Amino acid sequence: MPELKTWKELPIGGVIPGGATPELNKTGSWRSQRPIWNAEKCIHCLQCWLHCPDDSILIKEGKVTGIDYEYCKGCGVCARVCPVNAIEMVPERGEG
Amino acid sequence: MPSIKVLAQREEAQVRFTAGHSLCAGCAEPMIVRTVLNAIEEPVVVANATGCLEVATSRYPTSAWNVPWIHSAFENAAATIAGVEAAYKALKRIGKIKKRIRFVAFGGDGGTYDIGLQALSGALERGHDFLYVVLNNEAYMNTGVQRSSATPRCASATTSPAGKAIPGKPQERKDLTEIVVAHHVPYVAQASVSHLIDLANKVERAMRYEGPKVINVLSTCPLGWRVKRDSTIATAKLAVDTCYWPLYEVVEGKYKVNYKPKEKLPIEEWLKPQGRFRHLFKSEEGKKLIAELQAAVDRHWEELLRKERCTQEA
């Protein structure tokens with residue numbers, strides 16, 4: 001968290017003018033289970049992307065390219081909805 | 001109809017709802033919000049009632065919203081979006097805004113079934129052009145699982161705890177979807193987080209109509225329902241397959257049931273995985289109550305099918 005502002009420095013109404021600020025809240029540190037994506041098994045059906053609560057399935061031109069560990073909370077929903085078991089949950093060891 | 005590819009394309013072009021929010025791991029709400037926002041092509045303005053979604057996505061000075069977003073109070077998301085929409089119409093009339101903008105309100109069951117019901121009813125009656133999406137997780141989850149009028153009968157909540165005195169919540173849940181139907185608005189639907197493409201289709205269909213639109217979406221809460229956090233989708237799917245939470249829409253007064261399970265599962269299938277119903281499986285009285293819950297589901301399902309038949313024939 002950045003240093004807290006005093007009330008005089010806050011915008012009226014508590015407005016956050018610049019839009020979303022994901023970089024201020026990197027929720028990847030919440031994770032106790034880590035999803036591992038298997039590129040060879042993946043059929044790019046995007047079910048994991050659709051169901052990810054933390055927008056952490058990275059896609060490019062409609063294809064899965066990886067997992068964003070900066071924000072993934074490790075809920076495991078992606079592994080459950082994957083029709084071809086291309087995502088495996090392993091215990092988090094804190095790397096990367 | 002927006003396919004999953006179309007939704008992905010839109011999110012690749014603009015991420016309207018981002019990561020970096022503080023909703024629980026496995027929460028259904030962000031899946032629903034992303035799907036709703038990706039299903040709308042035009043620019044969107046969002047109003048949010050107090051609740052999990054609001055507090056967890058707008059902790060000052062953080063935000064998960066890349067669309068204009070406003071929160072004012074618990075009870076008035078519908079009144080807030082109605083005011084925004086009225087201001088937009090006024091500005092459009094005098095030529096200060098040219099482009100088409102769509103208006104969406106998100107509220108939980110607490111902010112809609114209970115606290116915001118009057119504001120919602122008012123906005124529906126006045127006919128504002130907006131979509132109201134209920135994120136129905138069946139209790140006040142943000143403050144610690146207090147029962148709401150959406151909490152199903154027999155569910156244990158912190159203000160209706162199952163024990164010697166009562167077997168969970170004694171009362172039936174309120175049928176908000178039917179209350180909205182009684183306002184004769186152009187589009188009303190029930191959806192579930194387990195069927196997100198169905199939800200995207202419903203949002204797209206709803207947006208074809210001018211006036212108030214409401215979609216009531218069942219939103220699994222792993223914490224409050226006491227299910228594993230990776231079971232969000234599987235649990236909600238059981239609600240649909242047991243006909244506890246039918247997927248249907250009412251378009252200009254005509255009912256259409258969007259999904260009729262080939263084999264209607266017994267209500268136990270929906271109750272059993274959830275910790276909030278665990279007490280029902282431990283006593284003789286519980287068995288009796290399950291039979292009563294089954295009878296209620298059967299009655300409501302038959303009634304829904306009858307309404308579909310009657311209104312489609314008419």
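Mentor: K213(B) is buried, because its relative accessible area is 0%. Buried means under 20% relative accessible area, exposed over 50%, and partly exposed in between, with a 1.4 Å probe and protein chains only. The model is predicted, so to speak of local features pLDDT must be at least 70, and side-chain atom pairs count only at pLDDT 80 or more, while totals for chains, interfaces and linings use all residues. Residues are numbered from 1 along each chain as its sequence is written, chains are lettered from A and ligands numbered from 1 in the order in which they are written, and side-chain values use heavy atoms, with hydrogens and water left out.

The partner of K213(B) is D129(B), in a salt bridge whose closest N and O atoms are 2.8 Å apart. A salt bridge is a side-chain nitrogen of Lys or Arg within 4 Å of a carboxyl oxygen of Asp or Glu. D129(B) sits in the loop between α6 and β4 (131-136) of chain B and K213(B) in strand β6 (residues 213-218) of that chain, so the pair ties together parts 84 residues apart in sequence. Helices (H or I, at least four residues) and strands (E, at least two) are DSSP runs, numbered from the N terminus. D129(B) is buried as well, at a relative accessible area of 13%.

Next comes R153(B), which forms a salt bridge with E292(B), the closest N and O atoms being 2.9 Å apart. This pair links distant parts of the chain, 139 residues apart: R153(B) is in the loop between β4 and α7 (176-181) of chain B, and E292(B) is in helix α12 (residues 284-313) of chain B. R153(B) is buried at 18%, whereas E292(B), at 33% relative accessibility, counts as partly exposed.

In chain B there is also E42(B), whose side chain meets that of R102(B) in a salt bridge (3.6 Å, N to O). E42(B) lies in the loop between α2 (29-38) and β1 (44-48), and R102(B) in strand β3 (residues 102-108), so parts 60 residues apart in sequence are tied together. R102(B) is buried at 3%; E42(B) is partly exposed at 24%.

The search of the whole structure finds 22 salt bridges over all chains.

Helix α6 of chain B (residues 117-126) also has a helix neighbour: its axis comes within 7 Å of that of helix α4 of chain B (residues 77-93), and the two cross at roughly 35 degrees. Axes are lines fitted to C-alpha atoms, for helices over the stretch in contact, and angles run from 0 to 180 degrees between N-to-C directions. The contact (heavy atoms within 4.5 Å) is made by A78(B), A79(B) and A82(B) of α4(B) and by A119(B), L120(B), A123(B) and R126(B) of α6(B). These residues divide into six nonpolar, no polar and one charged. Here Ala, Val, Leu, Ile, Met, Phe, Trp, Tyr, Cys and Pro count as nonpolar, Asp, Glu, Lys and Arg as charged, and the others, Gly among them, as polar.
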